[in-house]
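Keep the 3D view open as you read.

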Amino acid sequence: MALLELKKVSKNFDGLTAVNKVDIDIEEGEIVGVIGPNGAGKSTLFNVINGFFAPSQGEILFKGEQIGGLRPDQIAGKGIARAFQQSTLFMEATAFENVYTGFHLSYKTGLIKQFLHTASIRREQKEIKKKSMEILEFMGLGALHNEVAKNLPHGHQRILCMCIALAAEPKLLLLDEPVTGMNPSEKQTCKELIRQLRDVWGITVAIVEHDMKVVMNLCDRIVVLNYGQKIAEGLPEEIKNNKSVIAFYLGSGGLQDAA
Amino acid sequence: MLKKALLGGFGVILLLLPHIAGNDYIVLLVILACIYSILGMGFSMTWKNRLITCGQAGFWAIGAYSSALLVMELGLNFWVAMPLSGLISALFAFIVYSIALRAGPLVFFSMSLVFSFIVMEVLGTTGYFGGWEGIMDVPSPKIGGYVLLSKTSQYYLALSLLLFNILVYYALYKSPIGRAWSAIGSNVRLAEAQGINVYRYRLGAAVISCFFAGVVGSFYAHTQNLIVPTTFSFHCSIYVQMYALIGGLSFYIAGPIIGALVMVFLPEFLRSTAEFQPIFFGVFLILIIIFIPGGILSIPQRFPRLAGAFLRMKK
């Protein structure tokens, strides 16, 4: 059984079909890329998986359990976290506080005890503070933990987005254009980090990304969307040589760039 | 260090005020400031979730009327009626806001506004609640045989209520609950994606703020001994928002307190008649928004050189 199964998932906006009967299976431990031209419905697909939009049709199964139509916070609770396309952060808070706040789901102590600041909640908070620093250090932001988020350079903000998502302790991480706006060396680092998330932390990753080099290099499997429909799926090599993908999206020039 | 000293000095002045002030009128004004501070802190708590409530006066009224009726009709003790009227107020808040919040912040805003209008109309037109004449001779609070009649004794009760309120809010803001509220206020979508149940946390904040509005309503009813519906008009809710804004919207506890103190005393210095007050308030508010949009408490941050000069002067 796949970790995440999309079965004929569609999303319509007032007659416009943004996602059209898409089937995708994501196996545990995979890094899956979702590519496609602008407006192909990639981000909408993520928004449907993550609960910002309810699917118009179709089923979404996570660990065999139907999650389509649940609220985003419920879906986060099931173990799906996402990093946003734009730098979506708690802008006024420090990098550390951003991650610390992201740990909302980890509290086991009840609300009354939280309010009364009992020993158990203080222990838990201490634990979470430690974990927050671990995440920041793992992602290479350890030295910047006291920097206010809005003052961080763009590349670091993108990484911080991922750190916050990791704070939800997900099984499946959805990354929406993680390397956009990064310089080549940052891209390289980010790519390595994502790979390590899978290898070291055991997190399954789905990525929407425009940068073909990164996608081809990083992903185990690639799904291609166009006008909301899945037009191809396969290994990076297969996608590179797929005629319809070339015609729709990559173009002959694009292929050489990617290779 | 300086902050602690200022805070300590402020506390000492508040504690000794009835003995320093010399006349009851100043004490009465500070009592009013305490009431408005509590209402304002409730507004700030909903604002922390980026909700704007126009209903504080309505829930204040519910607290005041419930308490008066509980004591006068059912013969309950004031000290029992006070928390009970808070709960009644919170119950109304839960019913109204649990529906309103399903439709989002804008509906929350308008529902709170409409609700406070409805409360005033109902109180004013129902004979049981005394109509527009209100309820007279609401009994004063008693401790054993001692009746809290003097302004001084009422002042200490107001101050302890304020202190209790501050403690509760402080504990909430410092806990993971407050962290979740800040997260919602800072970025709703991100908060949701991190697993925060935005609806429930917002509802919680709104209901808690109304609980305290109810409690302070009870205090108001039994210390004024007279409640009339027009006191709890929609203008009052707007004034409460103004106090929070003038003190500083990002100072969730200190902001409303400073704002309320300043705005209660300002008309006294201006020696204005009641008719001109709204104009003065309006002008003052506009000046604040233009020159110190972060409120009075943001002055040290906004004018660091001024603050530095002040510090040097003290040395």
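Before we look at how two helices cross, here is what the numbers refer to: an axis is a line fitted to C-alpha atoms, for helices over the stretch in contact, and the angle runs from 0 to 180 degrees between N-to-C directions. Keep in mind, too, that this is a predicted model.

With that settled, find helix α10 of chain B, residues 234-247, and helix α11 of chain B, residues 254-270. Their axes come within 6 Å and cross at roughly 110°. Angles of 65 to 115 degrees count as roughly perpendicular, and α10(B) and α11(B) are therefore roughly perpendicular to each other. On the α10(B) side, the contact is made by Met242(B), Tyr243(B), Ala244(B), Leu245(B), Ile246(B) and Gly247(B). On the α11(B) side, the residues involved include Ala254(B), Pro256(B), Ile257(B), Ala260(B) and Met263(B). What classes of residue make up the contact of α10(B) with α11(B)? The residues divide into 12 nonpolar, 3 polar and no charged.

Now zoom out to the rest of chain B. This chain has 14 helices and 2 strands. Along its principal axes, the C-alpha trace of chain B spans about 60 × 55 × 40 Å. A compact globule of 315 residues would have a radius of gyration near 20 Å, and chain B has 20 Å, which agrees. Buried residues make up 47% of the 315 residues in chain B. If you take the contacts in chain B between residues at least 6 apart in sequence, 75% of them join residues at least 24 apart.

For 259 residues, a compact globule would have a radius of gyration near 18 Å; chain A has 19 Å, which agrees. Of those 259 residues of chain A, 45% count as buried. Among contacts in chain A between residues at least 6 apart in sequence, 65% join residues at least 24 apart.

So where do the two chains meet? In all, 19 residues of chain B are in contact with 24 residues of chain A. On the chain B side, the elements that give two or more residues are α6 (151-174), α7 (176-186) and α8 (188-193) of chain B. Of these, α7(B) gives the most, with 6 residues. By class, the side of chain B that touches chain A has 10 nonpolar, 6 polar and 3 charged residues.

Next, look at the inside. The largest nonpolar core has 173 residues, and those that touch the most other members are Leu160(A), Cys163(A), Ala61(B) and Val216(B). Helix α9 of chain B, residues 198-224, supplies the largest share of this core, 16 residues. Which residues does Ala61(B) touch, not counting those up to four places away in sequence? They are Val119(B), Met120(B), Leu123(B), Gly217(B) and Phe232(B).

Gly102(A) lies in helix α3, residues 95-102, of chain A. Is Gly102(A) buried or exposed? Gly102(A) is buried, because 31 other C-beta atoms lie within 10 Å. Leaving aside neighbours within four places in sequence, Gly102(A) is in contact with Ile164(A), Ala167(A), Ala168(A) and, from the other chain, Gln194(B). Gly102(A) and Glu169(A) are 67 residues apart along the chain, while their C-alpha atoms are separated by 9.4 Å.

That brings us to Glu169(A), which is found in the loop between α6 (154-167) and β7 (172-176) of chain A. Most residues other than glycine have a negative phi. Glu169(A), however, has a positive phi of about 50° although it is not a glycine. With 18 C-beta neighbours inside 10 Å, Glu169(A) counts as partly exposed. Glu177(A) also has a positive phi, near 50°, and lies in the loop between β7 and α7 (184-199) of chain A. Glu177(A) is partly exposed, with 18 other C-beta atoms within 10 Å.

Finish at Lys243(A), in helix α10 of chain A, residues 243-258. With 8 C-beta neighbours inside 10 Å, Lys243(A) counts as exposed.

Note on methods:
Residues are numbered from 1 along each chain as its sequence is written. Chains are lettered from A and ligands numbered from 1 in the order in which they are written. This is a predicted model: local features need pLDDT of at least 70, side-chain atom pairs count only at pLDDT 80 or more; totals for chains, interfaces and linings use all residues. Two residues are in contact if their C-beta atoms, placed from the backbone, lie within 7 Å. Helices (H or I, at least four residues) and strands (E, at least two) are DSSP runs, numbered from the N terminus. Ala, Val, Leu, Ile, Met, Phe, Trp, Tyr, Cys and Pro count as nonpolar, Asp, Glu, Lys and Arg as charged, and the others, Gly among them, as polar. The radius of gyration is taken over C-alpha atoms; the globule rule is 2.2 Å times the number of residues to the power 0.38. A residue is buried if 20 or more other C-beta atoms lie within 10 Å of its own, exposed if 12 or fewer, and partly exposed in between; C-beta atoms are placed from the backbone. A nonpolar core is a set of buried Ala, Val, Leu, Ile, Met, Phe, Trp, Tyr and Cys residues joined through C-beta atoms within 7 Å. Angles under 35 degrees count as roughly parallel, over 145 as roughly antiparallel, 65 to 115 as roughly perpendicular and the rest as oblique.
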